[in-house]
Amino acid sequence: MSEQIPVELRVLGHSFRLATTAEKQPELEHAVELLNEKYEEFRRKAPRMEPSKLIIMVALELMQEVLSLNKSVQEYEHCEILLSNVLAELDQYVAEKNPLPQTD
């Protein structure tokens with residue numbers, strides 16, 4: 001298991017000290033960057049909205065994106081299964097139509 005390292009992050013104007021691995025640190029920092037950008041985008045669209053409500057709106061939009069991506073992955077996995085079945089049936093058909101010669 002990778003060693004945990006402390007990371008200082010600034011999320012939505014608040015400082016956080018979190019533990020992560022060196023391998024996951026760039027992903028975590030990128031996630032914070034995206035979250036801050038999404039929050040600022042919403043803040044520009046609704047400058048008078050309370051920060052707590054903006055955070056909820058950002059969370060809802062991000063969850064919609066997660067659900068959409070999850071649905072896409074499930075559809076991809078379903079297509080993979082269908083394609084695998086078609087290829088197996090095709091292999092069986094070819095084997096039945098063109099049996100390998102017996103070698104003695």
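**Exercise 1.** Is Glu41 buried, exposed or partly exposed?

*Solution.* Keep in mind that this is a predicted model. Start with the cut-offs: buried is under 20% relative accessible area and exposed is over 50%, with partly exposed in between. Glu41 comes out at 27% relative accessibility, so it counts as partly exposed. Now look at its partner: the side chains of Glu41 and Lys45 meet in a salt bridge, 3.2 Å from N to O. Lys45, at 61%, counts as exposed. Both residues lie in helix H1, four residues apart, about one turn of the helix.

**Exercise 2.** Check whether the length of helix H1 fits its residue count.

*Solution.* H1 runs over residues 25-45, which makes 21 residues. At 1.5 Å a residue, H1 should span 30 Å. The end C-alpha atoms are 31 Å apart, which agrees.

**Exercise 3.** Work out how the buried residues of H1 are arranged.

*Solution.* First, list them: Val32, Lys38, Tyr39 and Phe42. They cover an arc of only 130° around the axis, which puts them on the same side of H1. Next, see what covers them: strand E1 (4-11) and helix H2 (51-97) are included.

**Exercise 4.** Describe the salt bridge between Arg43 and Glu40.

*Solution.* Take the distance: the closest N and O atoms are 2.7 Å apart. Then the spacing: the two residues are three apart in helix H1, so about one helical turn separates them. Last, accessibility: Arg43 is partly exposed at 40%, and Glu40 is partly exposed at 28%.

How values were computed: Residues numbered from 1 in each chain as written. Predicted model: local features only at pLDDT ≥ 70, side-chain atom pairs only at ≥ 80, totals over all residues. Heavy atoms only, no water. Expected span 1.5 Å × (residues − 1). Buried < 20%, exposed > 50% of the residue type's maximum accessible area, 1.4 Å probe, protein only. Arc of directions from axis to C-beta. Contact = heavy atoms within 4.5 Å. Salt bridge = Lys/Arg side-chain N within 4 Å of Asp/Glu carboxyl O.
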